[in-house]
Amino acid sequence: MSNVVILGAQWGDEGKGKIVDLFADRFDLIVRYQGGHNAGHTVLVGNRKYILKLIPSGILHAGKTSVIGNGLVVDPAALIQEMETLEQSGIPVRERLAISNRAHIIFPFHRLLEKLTEDRPGRVSIGTTSRGIGPAYEDKIGRRGVRMADLLDREFLAGYLRVLCEDKLTLARAFGLEETLDFATLLAEYSAYAERLRPMVCDTAALVNRALRDGKRVLFEGAQGTMLDVDHGTYPFVTSSSSAAGGVCTGAGVPPTRIHGVVGISKAYITRVGSGPFPTEDFGPLGDRIRNVGREFGSVTGRPRRCGWFDVPLLRYTAMVNGFDSMVITKLDVLDGLESIPVCVAYRMGGGTLDAMPATVRELARVEPVFVQLPGWKQPSSGVSRYDELPAEARAYLEFLERETGVEAGCVSTGAERNLTIVRPGSKFESLMGARA
Ligand code: GDP
Ligand code: IMO
Ligand code: MG
């Protein structure tokens, strides 16, 4: 029984939510291993739209356990709000959700500190989601963070939190931010959150490993994308967690030997939100067209996403870092009707071709993408349920991406709805995901 990781192969928003939701019924547990409510995973079911941020995209399915792993940073207010929104739609979240006692907590002072680093004159702004994600991870790595288990320990929390608050205020003032923080109100607020979350908090690594021992199937859901991974992405224009496949082991407490496959989700083109180099970005009318047709506006912040063309060197790199067994190519329909479609097949710099992803954003900003033009297709790709019924040029496009990246396109998505998805018969993807339970 395969346990599979599904994660972003680009800079996020590849359509992970749709794919995780669609295949969740073949697994028993759906586990998030990193990130926080910087993620926005959209799931469309009929005419209902759900935007999941902290809660795994498996939550809509009865009989499945959704897990917020230890690798996440949790803003309790955001989590409770997300739970309530889902509950109003009739989803019994409390019956289906487990939250790690080792996950770290985001406080309002984390957002304050983020503002300080993002807005300060002279600092390079990352263009973050302003959710306090980075500063919360800084406290985690700095060994002064508050974890879910600490939040539930009322006696410990009061003293510990006071010192942490004082530290942050001192820092803010040193940098000229005259903010105040009412400690008593904060403590009361967070103690109330703790009581609401307490019934769902447990040792999720033990829960997941028990399930694995019992022969249950686990699907790991990545947030963000590999190019936003703190180690492997376009540092410093990255998020503060390990979104690549390696993050699963640390962020869920699962041994690497229990993971059987990794699936990379990639758009048929590429987008990025926030700052940082983007070799295939299209600033012209075609870029605008992709943004409008693909509705490329952030699901968390509403910011317009920067749009560009499929980047083979980038995909080869993220395939290497993650060991993709298969790719899901999403949003193929967004390319319908284009005369021709550019694909970047190589990076050139200083007269030569690069054979590795540059380590610095200075170098990446200087690469010249080498484009080839592939023929577009006139007939819509959307609504087709068999691979061989896709327009011939669309199949040729997908097969070109497979050849160039060395990874099969085992599944193709041609619309936001669940039914607009094609699984390639005989693909590794089909065998990894297994039969419908
Ligand atoms: P995630 O963060 O990776 O889960 O992706 P987002 O949900 O942030 O962004 C993907 C957007 O594309 C969402 O609005 C989805 O509903 C939508 N979407 C997913 N797959 C497809 C597809 O194949 N075609 C189209 N047109 N939209 C899609
Ligand atoms: P999903 O899971 C796209 C980007 C932000 C910013 C950088 C750092 O929906 O694919 P952060 O707030 O994490 O410190 O911001 O990362 N970013 C995302 N971009 N999709 C996401 O999540 C993202 N989460 C963070 O725009 O550039
Ligand atoms: Mg998203």
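Gln 34 counts as buried because its relative accessibility is 1%; buried means under 20% relative accessible area, with a 1.4 Å probe and protein chains only. The model is predicted: local features need pLDDT of at least 70, side-chain atom pairs count only at pLDDT 80 or more, and totals for chains, interfaces and linings use all residues. Residues are numbered from 1 along each chain as its sequence is written, and side-chain values use heavy atoms, without hydrogens and water.

Gln 34 sits in the loop between strand E2 (29–32) and strand E3 (41–45). Strands are DSSP runs of at least two residues, helices (H or I) of at least four, numbered from the N terminus.

| Partner of Gln 34 side chain | Distance |
|---|---|
| Gln 224, side chain | 3.1 Å |

Gln 34 also touches residues including Gly 71, Tyr 137 and Ser 242. Contact means heavy atoms within 4.5 Å.

Now the cores. A nonpolar core is a set of buried Ala, Val, Leu, Ile, Met, Phe, Trp, Tyr and Cys residues joined through side-chain atoms within 4.5 Å. The largest has 52 residues; Phe 220, Leu 332, Leu 335, Val 343 and Tyr 397 touch the most other members. Helix H14 (residues 392–405) gives the most to this core, 5 residues. Phe 220 touches Val 31, Tyr 33 and Val 248, among others. A second, separate core holds 40 residues, among them Tyr 50 and Val 146.

Key:
Chains are lettered from A and ligands numbered from 1 in the order in which they are written. Buried means under 20% relative accessible area, exposed over 50%, partly exposed in between (1.4 Å probe, protein chains only). A polar contact is a pair of N or O atoms within 3.5 Å; within protein, one must be able to donate a hydrogen and the other to accept it, and residues adjacent in sequence count only if both atoms are side-chain atoms. Lists of a residue's contacts leave out its neighbours within four places in sequence.
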